[in-house]
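The stops below can be selected in the order in which they are given.

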Amino acid sequence: QVIKCKAAVLWEANKPFSIEEVEVAPPKEHEVRIKIMATGICRSDDHVVTGAVVMPLPIILGHEAAGVVESVGQGVTSIKPGDKVIPLFVPQCGECKSCLNTKGNLCRKTDLGTRAGLMPDGTSRFTCKGKAIHHFLGTSTFTEYTVAHESAVAKIDSAAPLEKVCLIGCGFSTGYGAALQTAKVEPGSTCAVFGLGGVGLSVVMGCKVAGASRIIAVDINSDKFAKAKELGATDCINPKDFNKPIQEVLMEMTGQGVDYSFEVIGRTDTMTAALACCHNNYGVSVIVGVPPAAQKITFDPMLLFTGRSWKGSVFGGWKSKDEVPKLVADYMKKKFVLDPLITHTLPWTKINEGFDLLRTGK
């Protein structure tokens, strides 16, 4: 039956979240209703608040979480009530071209890019004050209960600490995979990472695990440098300390540019700087940050003609339903740490304070 619970609803852009009582409908065929136990705050959620990513409102945001299955709809075979799970904003239907191709992971069932804000059948499972509330990326985790399609839920180790592994739902996996899966960073290589939020720090961890000999971390907030070094950065530079473009600084530091660069901010100017700072013939630059809506990039095509590769990476290139349980297993085997990525833990009614911490770089 319908569950009444609390959720953080965004009624209009550039306004705080409103904690409301919402009704969450039972899961339909091939759907799962999940009790959310922990959720992370990601800049992509804030992009919707500010209008940089356009989504239909009102909406329940959140896409990085872990929880326990409360009930399942008809036909659900891979998951049962009581299972610990991570919702997947990039699902894995197993049938589309991306799912069937070994090189692909962007399942066509994702709401990324379509921005419909609804379940795959075109309807919503949330109601508040008699109004239907939109879903976000098929996950909507800023609520006590949510509904997701079976293809967008990964069952994980029942012993996993949900308040830590929720980060595998987006930030950690996105950064770590960008280095290991998308760029395929090689031992002894030189890397530059633009942006040292949770995702950028996860890129640093991925580069270190891959055996990079030099990892140059770039951020305009020098407070981020200590943690970047703790996680594997060898050099940290602040573009504000130089009166020339940061790509020139990186070229001078490395001789001929880095082997791999990562833009983990979501700004067009840093995307072109990251491209320009990698080696002109075999450098690879990866866009990890979500690009702002309605902005275009102008760049000199000679940057690519000489041989550079420019790539994008969604969810770190992982096939979500297959790989998320393995990443959780790796965490349980202590193959990587998540604690340094967690700066604050708040009761979720303080979600607006959490977003203030994000916006102030804390």
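Is Lys-335 buried or exposed? Lys-335 is exposed, with a relative accessible area of 52%, where buried means under 20% relative accessible area, exposed over 50%, and partly exposed in between (1.4 Å probe, protein chains only). This is a predicted model, in which local features need pLDDT of at least 70 and side-chain atom pairs count only at pLDDT 80 or more, while totals for chains, interfaces and linings use all residues. Residues are numbered from 1 along each chain as its sequence is written, and side-chain values use heavy atoms, with hydrogens and water left out.

**The whole chain**

With the whole chain selected, the secondary structure comes to 11 helices and 15 strands, these being DSSP runs (helices H or I, at least four residues; strands E, at least two) numbered from the N terminus. The radius of gyration of the chain is 20 Å, close to the 21 Å that the globule rule gives for 362 residues, so the chain is as compact as a globular protein of that length; the radius is taken over C-alpha atoms, and the rule is 2.2 Å times the number of residues to the power 0.38. Buried residues make up 53% of the 362 residues. Select residues 12-361 next, which UniProt lists, in an unreviewed entry, for "domain: Enoyl reductase (ER)"; UniProt positions are given in the numbering used here, feature names are shortened, and annotations may be inferred rather than shown by experiment.

**Salt bridges**

Asp-330 is partly exposed, at a relative accessible area of 22%. By this rule the count comes to 16 salt bridges.

Another of these pairs Arg-33 with Glu-70 (2.6 Å, N to O). Arg-33 lies in strand β3 (residues 31-39) and Glu-70 in strand β4 (residues 65-72), so the pair ties together parts that are 37 residues apart in sequence. Arg-33 is buried, with a relative accessible area of 2%, whereas Glu-70 is partly exposed, at 30%.

**Asp-259**

Now select Asp-259, in the loop between α7 and β13. Asp-259 is buried yet has no salt bridge, and the nearest side chain of opposite charge, Arg-214, is 9.9 Å away; here Lys and Arg count as positive and Asp and Glu as negative, while His and the chain ends are not counted. The side chain of Asp-259 does reach the backbone nitrogen of Thr-190 at 2.8 Å.

**Helix α8**

Move on to helix α8 (residues 268-276), where eight of the nine residues are buried, so the helix is largely enclosed by the rest of the structure. Among the buried residues are Met-271, Ala-274 and Leu-275. The elements against which the buried residues of α8 pack include β10 (190-194), α7 (246-254) and β13 (260-263), with contact meaning heavy atoms within 4.5 Å.

**Gln-181**

Finish at Gln-181 in helix α4 (residues 171-183), which is partly exposed, with a relative accessible area of 29%. Leaving aside neighbours within four places in sequence, Gln-181 is in contact with Gly-316, Gly-317 and Trp-318, and its side chain reaches the backbone oxygen of Gly-317 at 3.4 Å.

Terms used
A salt bridge is a side-chain nitrogen of Lys or Arg within 4 Å of a carboxyl oxygen of Asp or Glu. A polar contact is a pair of N or O atoms within 3.5 Å; within protein, one must be able to donate a hydrogen and the other to accept it, and residues adjacent in sequence count only if both atoms are side-chain atoms.
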